[in-house]
Amino acid sequence: MAKEFWRWKEYNWKSDKIDWKSGTTISAGVDVGSVSSQAVILVDGELYAYSNMRTGSDSPMSAQNAMNWALEDTDLKLEDIHYKVGTGYGRVNVPFANKTITEIACHARGANFMYGNTVRTLIDMGGQDCKAIQCDERGKVVNFLMNDKCAAGTGRGMEVFADLLSLSIEDVGELSFDIDEEPEPVSSTCVIFAKSEATGLLRQGWPKNKVLAAYSSAMAHRVVALLERIDVQKDFVITGGIAKNIGVVNRLQKEIGIETLKTDYDTQIAGALGAALFGKVLAEKARK
Amino acid sequence: MIANFGYKDGSGEFFITIDTDKCNGCEDCIPVCPAGILEVVENEYDPLEDDKMAVVKEEHRKKIKYSCAPCKSGNDSSKEPCIAACELEAITHSW
């Protein structure tokens, strides 16, 4: 079978430092996105375990799979988790969730945890859409905006480009800078149109990396257009899968003239992490 | 909170903005909308509070240009019914 260049690494993680048995509140968040799904488990608000995998065609199943994988290396069972929150596109399809919360609120809360309470503006660049969110020092949403109707210039688009150019999705960020000079962005970020435009450029003899650069800057440009309606205040961060693509991130930073904060956390778990953080508060509320 | 429901596309920007600091969930805007696109629900953007707010229904968020078209036609400068109905001035349209 041909190599699947779009395929990014799926993985799970567990903390060696935390013993869940000593915790009082165990909460979980499951973010069923359009492209990827994550499950995050917190013990008293500390990150204990998580998983990050591709969403399947069956949403309830994807939620279950992500949860099972996060639980895999722990001796924790689903029943031991006091409160489970579902979020993301498929949030209504998380069968075991105690509550569902919109991913907008969860991303703001998650970013507050990952990047600190100085975050005021974040963009979640997900698989199929893009959201600009402003939040306060507690991670509470003060203003939000979704992108337009189509999935133009989102994670899925980058996957399609990785495939088109036969370059691994994990390398495309770096490679887009391996060029002689920055090309004009492709004129459309619509995945279908951009793909045919890129094919044309390749046939004209453009090197792959240059085509990649042209698409990356079109994506960055599109997000800037989204940000026009919302005032970008520092600190500014990006969550979601595209946050890992420096080809887009660096071009975006350059265009708006603001640096993004960096984090050691996996930017894809922001939604599930926020959901789990809400889960903790809600579990404690329920106990009172 | 400023909640922007809608989208931007090649033909323009179509957002209905609800200011939750003003909106008290009174529901005055609900019956006046001929397309029935608004509803009052719990503020899901702040899951730890119980306040209510008006929102654009999920199924209309990606087509409000069309859903709202009946109230947008002509050069009549009078306000759209939902904006006029809101005494607290919590609703604005971007187009």
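**Interface, domain and helix geometry of the predicted model**

In the predicted model, 16 residues of chain A are in contact with 13 residues of chain B, two residues being in contact if their C-beta atoms, placed from the backbone, lie within 7 Å. This is a predicted model, in which local features need pLDDT of at least 70 and side-chain atom pairs count only at pLDDT 80 or more, whereas totals for chains, interfaces and linings use all residues. Residues are numbered from 1 along each chain as its sequence is written, and chains are lettered from A and ligands numbered from 1 in the order in which they are written.

On the side of chain A that touches chain B, two or more residues are given by each of α2, β9 (141-146) and α8 (270-287) of chain A. Helices (H or I, at least four residues) and strands (E, at least two) are DSSP runs, numbered from the N terminus. The largest share of this side, 6 residues, comes from β9(A). By class, the side of chain A that touches chain B has 10 nonpolar, 2 polar and 4 charged residues; Ala, Val, Leu, Ile, Met, Phe, Trp, Tyr, Cys and Pro count as nonpolar, Asp, Glu, Lys and Arg as charged, and the others, Gly among them, as polar.

Chain A is divided into domain 1 (11-110 + 268-287) and domain 2 (119-260), with bounds from an automatic or database domain assignment. The C-alpha centres of domain 1 of chain A and domain 2 of chain A lie 27 Å apart. Their contact takes 12 residues from domain 1 of chain A and 17 residues from domain 2 of chain A. On the domain 1 side, helix α2 (residues 103-115) of chain A supplies the largest share, 6 residues.

Helix α3 (residues 155-165) of chain A and helix α5 (residues 191-204) of chain A pack at an angle of about 25°, with their axes 10 Å apart. Axes are lines fitted to C-alpha atoms, for helices over the stretch in contact, and angles run from 0 to 180 degrees between N-to-C directions. The angle makes α3(A) roughly parallel to α5(A) (under 35 degrees). The contact is made by Arg156(A), Gly157(A), Val160(A), Phe161(A) and Leu164(A) of α3(A) and by Val191(A), Ala194(A), Lys195(A) and Ala198(A) of α5(A). These residues divide into 6 nonpolar, 1 polar and 2 charged.

Chain B contains 4 helices and 5 strands, in the sequence pattern β-β-α-β-β-α-α-α-β. The C-alpha trace of chain B spans about 40 × 30 × 20 Å along its principal axes.

Conventions:
Angles under 35 degrees count as roughly parallel, over 145 as roughly antiparallel, 65 to 115 as roughly perpendicular and the rest as oblique.
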